[in-house]
Amino acid sequence: MRLLFAVQRFGHEVAGGAESFGRELATRMAGRGHDVHVVTSCARSYVDWADEYPPGESQFDGVTLHRLPVVRPRDNDLFNMLNVRVNAGDRPTPLYLQEEWMRLQGPVLQGYEAWLDERAGEFDAAAFVTYLYWTSWAGIPVAASQTPTIFHPLAHDEPPLYLPLYDASYRHASAFAFLTPEEAELVERRFRVRRPSIVLGAGVELDATGDAARFRAAHRLGDDPYLLFVGRIDPHKGSDELFDHFRAYKELHPGPLKLVFVGEPVRPLPPHPDVVVTGFVDDAVRVDAMAGALALAVPSYFESFSIVLVEAWAQGVPALVQSRCDVLRGQARRSNGAIPYGGFAEFEAAVDALVHDEPLRTALGEAGRAYVNDLYAWPRVLDVYEEFVTGIAARRRDIA
């Protein structure tokens, strides 16, 4: 098949769960012999959408990559002011303001809609990754007139999802590919649109084994146990709350336990003697960090899946997850590989149990790995996706 993927950022240096998911799915489908193209921005960071990669066509891990320049970097002061008005206001927001909010959020790409209008019909199907950004919002209605569109919304139960602005994205899509049952239920509840769909999940390498000693040496952790956070260090991802909970825990329970943040800081955390921040790291270092962790902490209130959670489980590492996120609570319940917590008291009790109960840690880690092995091994995910996309593409041929 000839497939097109559209994603807002693309590259090995790009941090972000949606972007990693889109990159892995596209390159692995290319590895199965499909002719895969990706249209994306020249940006590396979503904070400003500044062009960092050269525009034009190039090859990337078996994929033909089409990079388009960003029309304008994000003006965060202006965007943040309008963001409050649109998503936290006490009265309905006019559609023209929602559309301006979308343009300010970005990334608006030069010639993107014309590119899709001209090129999308060359593909058997076009897949759009994540609902939030301009690339999906502007792209799906254009591509849908040319070819079947498969929408990976990666939807969270968050304020932007309820903007009427997004209704057209879901109504124009030919099919949906969800990450979890909770995401599928959320989209059905919010948009009342029925399309062919699957709950796909995201793949993970089951044979990835990290070098814990190497990570410990590089970051001077010695033999100290540590909780691990992986991802964008951003208040919206729960990093500030996790830091505050950990600081309060250490005041009540002095000891060697550390908290390690692996990821790119959007806003710096306060200094703390037991908190380590590595900054952005490559995939190999991330795997090393997981190998040595007492547990992974996923404190986000808004998740559609959490790729890092299944990566940790693949190495037999247990987790602490935010119970106020339906997706994370559901993953914990189905896997028996994580302890959900809500608020400091439950966080304290969960950490205490993990620190002092090695059999519990082992049981959680083994259950998590078995769960991932059953559902999220890459060969299974790709088999399911390939069959689904083939069926969606065949519907077009039947109509034609």
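Which residues lie nearest the centre of the second largest pocket?

**Entry 1: ground rules.** I am working with a predicted model, where local features need pLDDT of at least 70 and side-chain atom pairs count only at pLDDT 80 or more, while totals for chains, interfaces and linings use all residues. Residues are numbered from 1 along each chain as its sequence is written, and side-chain values use heavy atoms, with hydrogens and water left out.

**Entry 2: the pocket.** Back to my question: D157, L186, C325, D326 and V327 lie nearest the centre, out of 15 lining residues. I noted a volume of about 200 Å³ for this second largest pocket. Helix 7 (181-191) and helix 12 (326-335) each give at least two residues to its lining, and helix 7 has the largest share, with five. My reminder on terms: on a 1 Å grid over the protein atoms alone, a pocket is an open set of points with protein on both sides within 12 Å along at least five of seven lines, a cavity is a set where a 1.4 Å probe fits but cannot get out, and lining residues have an atom within 4 Å of a point. Grid points are joined across faces, edges and corners, and a volume is the space filled by probe spheres set on the points. Helices (H or I, at least four residues) and strands (E, at least two) are DSSP runs, numbered from the N terminus.

**Entry 3: the cavity.** How many cavities of 30 Å³ or more does a search of the whole structure find? I found one, and the largest cavity holds about 30 Å³ of space. Its lining includes L3, F5, A126, I150 and Y385. Strand 1 (2-6), strand 5 and helix 15 (378-399) each supply at least two of the lining residues.

Entry 4: I traced an open sheet of eight strands with mixed pairing, in the order 3-4-2-1-5-6-7-8. Strand 3 (56-60) and strand 8 (197-199) are the edges, each pairing on one side only. Two strands pair if DSSP finds at least two bridges between them. Strand 7 (residues 175-178) runs parallel to strand 8, and three bridges join them. Across this pairing, F178 stands opposite V199.

**Entry 5: the rings.** I looked up 17 aromatic pairs in the structure. Rings of Phe, Tyr and Trp (its six-membered ring) pair if their centres lie within 6.5 Å; planes under 30 degrees apart are stacked, over 60 edge-to-face, and the rest tilted. W49 and Y133 are edge-to-face, 5.4 Å centre to centre with 85 degrees between the planes. W49 sits in the loop between strand 2 (35-41) and strand 3, and Y133 in the loop between strand 5 (125-129) and helix 5 (134-144), so the pair ties together parts 84 residues apart in sequence. Are these two buried or exposed? W49 is buried at 1% relative accessibility, and Y133 is buried at 11%. Buried means under 20% relative accessible area, exposed over 50%, and partly exposed in between (1.4 Å probe, protein chains only).

**Entry 6: a cluster and a charge.** Ring pairs link F151, Y170, F176, F178 and F191 into a cluster. R190 lies over the face of F191, 4.0 Å from the ring centre. For this, CZ of Arg or NZ of Lys must be within 6 Å of the ring centre and within 35 degrees of the ring normal.
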